Amino acid sequence: MTPAGVATRGSIDARWSRRLREDRRRATELQTPVQRRATETIVQRALALGAEAVALTGSTVRAQRTLRSDLDFMVVGERPDLGGVHEDIDVYAAGAKAFWERLLAGDDYIQWTLRFGCILHDDGILEAASRHIEESGLMPSAERKLTQAHRGLSLAWRVLESGDIDAAREQCRAALTTITRWLLIANGEFPLSRDELSDQLVTLDCPELATALHRLIHGEPSSEEMRAGLKLSETLMSAPPKQAAHASRWRRRAERKPAR
């Protein structure tokens, strides 16, 4: 489902060639030797399956890895086997048709990778997609992200109520990350890596959500702290997105106002 007039092969121009060289250099610098070996394995296995493109993405390419960070890859093609790779790996894989459908539907992960990722191999599809974004002004869909946020919030509540504290922290972290990305997209801000989101929330005047997300990334919040974070998220999601930050600010003022 390639947009009309957009070539997918044989059209890599000089600017894109420079980016590919720079991305490969950057990927080498940003990874440890062990991570580089894992990356080489993933790329080789993906290409053996006929992949049209492979990119290193996520917190690694923003130099924002945390103790919980995976090595993240986007593959246009079949998902490669991860067996024997001694790193935590997360692969987003889609065939060319599904790749274009998701991009045009407002998938923010694909756009994130095209903006910030390190392109390790490209037969032309990522160059074409990047050009389409640049020429059309395509932005991620806030509506699509809000749907994901509602699903994530519902799952986080269920896991939290189950009493499995470790699983709850993982699900709450995922839920608040998605909610934050929705809030930023809806307010015209492009979300950065997970560990940068808290600072973006502070800029958006949502410090409580920033604190809750930061605790989930770097700490071990209690059940009550997680419950408070989910309730706060519900409050923000119930308001129009461009008013959510204002709602957060007015709520803080109301809490500080002395009772009469």
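Analyst: Ala, Val, Leu, Ile, Met, Phe, Trp, Tyr, Cys and Pro count as nonpolar, Asp, Glu, Lys and Arg as charged, and the others, Gly among them, as polar. The model is predicted: local features need pLDDT of at least 70 and side-chain atom pairs pLDDT 80 or more, while totals for chains, interfaces and linings use all residues. Numbering starts from 1 along each chain as its sequence is written, and side-chain values use heavy atoms, without hydrogens or water.

User: What makes a space count as a pocket, and what is the volume of the largest pocket?

Analyst: A pocket is an open set of points on a 1 Å grid over the protein atoms alone, where a 1.4 Å probe fits, with protein on both sides within 12 Å along at least five of seven lines; lining residues have an atom within 4 Å of a point. Points join across faces, edges and corners, and probe spheres set on them fill the volume. The largest pocket comes to about 1,200 Å³. It is lined by 33 residues, and D72, D90, T177, R181 and R194 are the closest to its centre. The second largest pocket holds about 230 Å³.

User: Which elements give two or more residues to the lining of the largest pocket?

Analyst: Strand 3 (89-94), helix 4 (108-116), helix 6 (142-162) and helix 7 (165-186) do; helices are DSSP runs (H or I, at least four residues), strands likewise (E, at least two), numbered from the N terminus. Helix 7 gives the most, with 7 residues. By class, this lining has 7 nonpolar, 12 polar and 14 charged residues.

User: Which element gives the most to the lining of the second largest pocket?

Analyst: Helix 5, with 5 residues. The chain has 11 helices and 4 strands in total.

User: Why is T147 called partly exposed?

Analyst: Its relative accessibility is 41%. Buried means under 20% relative accessible area and exposed over 50% (1.4 Å probe, protein chains only), so T147 falls in between. T147 lies in helix 6, and its C-alpha atom is 9.8 Å from that of T178, 31 residues apart along the chain.

User: What percentage of the chain counts as buried?

Analyst: Of its 260 residues, 48% count as buried.
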